[in-house]
Amino acid sequence: MPTATDVFSKVRGHERAEQLRAAREADLLPYFRTLQSPAAPVVEMEGAERIMLGSNNYLGLTADPRVMQGARDALERYGTGLTGSRLLNGTLDLHLELERELADWMGTEEALVFTTGHQANVGTLGTILSTGDTVIADSGDHASILDGCLLSRAKLRPFRHNRLDKLEKMLERAGEDGGGVLVVVDGVFSMEGDLAPLPQIADLCRAHGARLMVDEAHAAGVLGARGAGTAELFGVEDRVDLRMGTFSKSLASCGGFIAGSHEVIDFLRIASRAFLFTASGVPAAVGAARAALRIIRSDDGPPLFARVLDNASYFQRGLHDLGLQVVAPQALPDGSTIVTPIVPVVVGDDWKAVLLWRALYDAGVFVNVALHPAVPPAGALLRTSVMATHDRATLNAALARFAAVKRAFEAEHGPLPAPRQ
Ligand SMILES: Cc1ncc(COP(=O)(O)O)c(C=O)c1O
């Protein structure tokens, strides 16, 4: 008997279909906007120059001549693609060198390079966890972490974003589950820009016998004296079992890695399906990542980390002084504070966020829009992010445009959320 249900029926009636249609009709869709230039501080986008505050190119290295040369050299030497997996025919001496340098940077025994960061998370979590285990994940963790957890068939126990009391409760419950326990958190959360309190999380993991994995996608190349990420910043590198990173942000390329002990990495090397059964990243991507990593680890690295963090503090303060609700500077154990390069502006309502995005876009400023499920319901954000290569004149121009747009927007749509006291 033929089935009565068309498997494609879901593409017609999904819950966002109506919203999407209305947004498209009014040209209000903030996604899939097209660039005609590199991801620089100011870009050419859909026929106009716009200040780029929606990129993850935190150190601005995608245009660095040394990184471009790294890509070019790899292209010339190895060609355009490897046409196969790392396992069979896609491992270059370049991969092995890069893996050694990544492990050295992270201070781990080994590292393994994947074709994307998403695959590094899925390929690690989906392999190291199995039925019977428990994985405890922050509700703000990146989608690729959730995908890896779901793929693994381990019991998933999510806890409310950065709530240590909830994490502790989940660890207590996980103790009764009967299998191994892994806690996985983002070091810097990709939408909110806030830090995971790693020292306390590591303490809880130790007390409950759980392993800890940290996704350093937004922190590697930015935080810590070596730029090795949140674990380094908090001085807990020896208490984090697995550290994931991506090349698609500070490392100015495309790809991902997992760093950890020899025994875990060696197991992933022969068992991780997202590593084994996909084509190796193109040589140019691997060459660019290696060149970027060498800059990060050279004397040129720390001034770049300082510049992007300084820009983040400057821009955060500027937005706050305009009366917008932005993430507050976060306290570090040594008493200092930090603003990560992700500086979200809280809007709340989805439509207001999209309308505000459009007004900024028309004023020549590009930012990202985060709506549910990327953020909690009614927690819509404009996600702004800065680069080390933004100069003060450009950030000031962006702030002036934010000020003008805010004034006009509030006159028409009412007040935006004000800074928290
Ligand atoms: C926190 C986090 N983890 C993982 C990823 C996935 O990395 P990639 O874009 O390299 O696949 C991203 C990027 O989107 C991310 O923000």
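**Close-up views of a predicted model**

**View 1. Surroundings of F159.** Leaving aside neighbours within four places in sequence, F159 is in contact (heavy atoms within 4.5 Å) with I136, A137, D138, S139, K166, L167, M170 and V185. The structure is a predicted model, in which local features need pLDDT of at least 70 and side-chain atom pairs count only at pLDDT 80 or more, while totals for chains, interfaces and linings use all residues. Residues are numbered from 1 along each chain as its sequence is written, and side-chain values use heavy atoms, with hydrogens and water left out. F159 belongs to strand β5, residues 155–159, where strands are DSSP runs of E with at least two residues and helices are runs of H or I with at least four, both numbered from the N terminus. F159 counts as buried because its relative accessibility is 3%, the term buried meaning under 20% relative accessible area with a 1.4 Å probe and protein chains only. One of its contacts, M170, is 11 residues away in sequence, and the two C-alpha atoms are 7.1 Å apart in space.

**View 2. The shell around the ligand.** The ligand is surrounded by 16 residues, of which H118, D215, H218, T246 and K249 are the closest; a residue is counted as near if one of its heavy atoms lies within 4 Å. Helix α5 (117–128) and strand β8 (242–246) each supply at least two residues of this shell, and α5 gives the most, with 3 residues. By class, the shell holds 2 nonpolar, 11 polar and 3 charged residues, where Ala, Val, Leu, Ile, Met, Phe, Trp, Tyr, Cys and Pro count as nonpolar, Asp, Glu, Lys and Arg as charged, and the others, Gly among them, as polar.

View 3. For K249, a side-chain N or O atom is 3.4 Å from an oxygen atom of the ligand. Taken alone the ligand exposes 390 Å², and the protein buries 84% of that, with accessible areas from the Shrake-Rupley method and a 1.4 Å probe.

**View 4. C149 and C205.** A search of the whole structure finds 0 disulfides, a disulfide being a pair of cysteine sulfur atoms within 2.5 Å. The sulfur of C149 is 13 Å from the closest cysteine sulfur, that of C205, and is therefore too far for a bond. C149 is buried, with a relative accessible area of 1%, and C205 is buried as well, at 3%.

Methods: A polar contact is a pair of N or O atoms within 3.5 Å; within protein, one must be able to donate a hydrogen and the other to accept it, and residues adjacent in sequence count only if both atoms are side-chain atoms. Buried means under 20% relative accessible area, exposed over 50%, partly exposed in between (1.4 Å probe, protein chains only).
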